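My notes are below, in the order I took them.

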Amino acid sequence: MQTNLFLQGMVKFLSGLLLVGLVLFLPAGTFAYRGAWLLICILFIPMFIAGLILMKKSPDLLRKRLDMKEEEGEQKTVIALSVLMFLSAFIVAGLNYRFGWIVLPEWVSYAAAVIFLLAYALYAEVLRENIWLSRTVKVQENQKVIDTGLYGIVRHPMYMTTLFLFLSMPLVLGSAFSFVIMLLYIPIIAKRIRNEEQVLEAGLEGYAEYKKRVRYKVIPFVW
């Protein structure tokens, strides 16, 4: 079982690495795109390490994170929009580098990389706090409401971390145009959260009370 999980994880990891490389370097027309290499390093090296840790300490959670078979029809739309957003942002970043439309200074890339890694650390903390954290929207057997740690501050700390992760990516790539495209993630996750909370409130005991206790969804005092 562990061997199958490892192979499944490696296939998805390598597939993601290949896809990101293709949609960045092909439009750029060169492998000399430093921002693309920087993004690949800060994205896939921590991802690989986190996968190994989950494999050893929490294989069930890793299995849930690898499962992307969404059952909710509305969430399938959200996933499709997210994929389109990422592909568009990465392709535009590559084209931006090739044709030199608006290339941001290198210090912006490095500052964004720091923000990305800090957000990744928060992402790891969210994984530690919530063993029921799945990529798909559903209520799991014996699932309980988590209301401590980051979940005591906002109801969806995972979306908080992904918001910082995703918005920092185009800055690492040095593309202002890609950053504008990535702003579409805000209405996309708003749609996902709305449906997710309906599912949780209907099927997870105590979630309605939790919503009353923790007011903010993603960003404290803002959203």
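**Ground rules.** I am working on a predicted model, where local features need pLDDT of at least 70, side-chain atom pairs count only at pLDDT 80 or more, and totals for chains, interfaces and linings use all residues. I number residues from 1 along each chain as its sequence is written, and side-chain values use heavy atoms, with hydrogens and water left out.

**H1.** I took helices as DSSP runs (H or I, at least four residues; strands are E, at least two), numbered from the N terminus. H1 has 27 residues and spans 39 Å from its first C-alpha to its last, close to the 39 Å expected at 1.5 Å a residue. The expected span here is 1.5 Å times one less than the number of residues. I then listed the buried residues of H1, and among them are Leu 5, Gly 9, Phe 13, Val 20 and Phe 25. Buried means under 20% relative accessible area, exposed over 50%, and partly exposed in between (1.4 Å probe, protein chains only). Just after H1, I noted a positive phi of about 75° at Gly 29.

**H1 against H2.** How do H1 and H2 pack? I get an angle of about 175°, with the axes 11 Å apart. Axes are lines fitted to C-alpha atoms, for helices over the stretch in contact, and angles run from 0 to 180 degrees between N-to-C directions. That angle makes H1 roughly antiparallel to H2. My cut-offs: under 35 degrees is roughly parallel, over 145 roughly antiparallel, 65 to 115 roughly perpendicular, and the rest oblique. On the H1 side I see residues including Phe 6, Phe 13, Leu 17 and Leu 24, which meet an H2 set that includes Leu 39, Ile 40, Phe 44 and Phe 48.

**H2 against H3.** H3 (residues 59-66) packs on H2 at about 130°, with the axes 6 Å apart. I therefore put H2 and H3 down as oblique to each other. Gly 51, Leu 54, Met 55, Lys 56 and Lys 57 of H2 meet Pro 59, Leu 61 and Leu 62 of H3.

**Ring pairs.** I find 14 aromatic pairs in the structure. Phe 25 and Trp 37 have ring centres 4.9 Å apart and planes at 45°, so I call that pair tilted. Rings of Phe, Tyr and Trp (its six-membered ring) pair if their centres lie within 6.5 Å; planes under 30 degrees apart are stacked, over 60 edge-to-face, and the rest tilted. This pair links H1 (residues 2-28), which holds Phe 25, with H2 (residues 34-57), which holds Trp 37, and the two residues are 12 apart. Buried or exposed? Phe 25 is buried at 8% relative accessible area, while Trp 37 is partly exposed at 41%.

Next I looked at Phe 86 and Phe 166: centres 4.7 Å apart, planes at 90°, so edge-to-face. Phe 86 sits in H4 (residues 73-99) and Phe 166 in H6 (residues 157-172), so the pair ties together parts 80 residues apart in sequence. Both residues are buried. Ring pairs join Phe 86, Phe 90, Phe 166 and Tyr 185 into a cluster.

H6 is mostly covered, with 14 of its 16 residues buried. The largest nonpolar core has 63 residues, and those with the most contacts inside it are Leu 39, Phe 90, Met 169, Leu 173 and Met 182. Such a core is a set of buried Ala, Val, Leu, Ile, Met, Phe, Trp, Tyr and Cys residues joined through side-chain atoms within 4.5 Å. H6 gives the most to this core, with nine residues. I checked Leu 39 too: beyond neighbours within four places in sequence, Leu 39 is in contact (heavy atoms within 4.5 Å) with Leu 24, Phe 90, Met 169, Val 172 and Leu 173.

**Asn 96.** This residue is in H4 and is buried at 1% relative accessibility. Leaving aside neighbours within four places in sequence, Asn 96 contacts Trp 101, Ile 102, Val 103, Gly 174, Ser 175 and Phe 177.

**Phe 221.** Where is Phe 221? I find Phe 221 in the segment after H9 (207-213). Its phi is near 70°, a positive value in a residue other than glycine, and Phe 221 is exposed at 72% relative accessible area.
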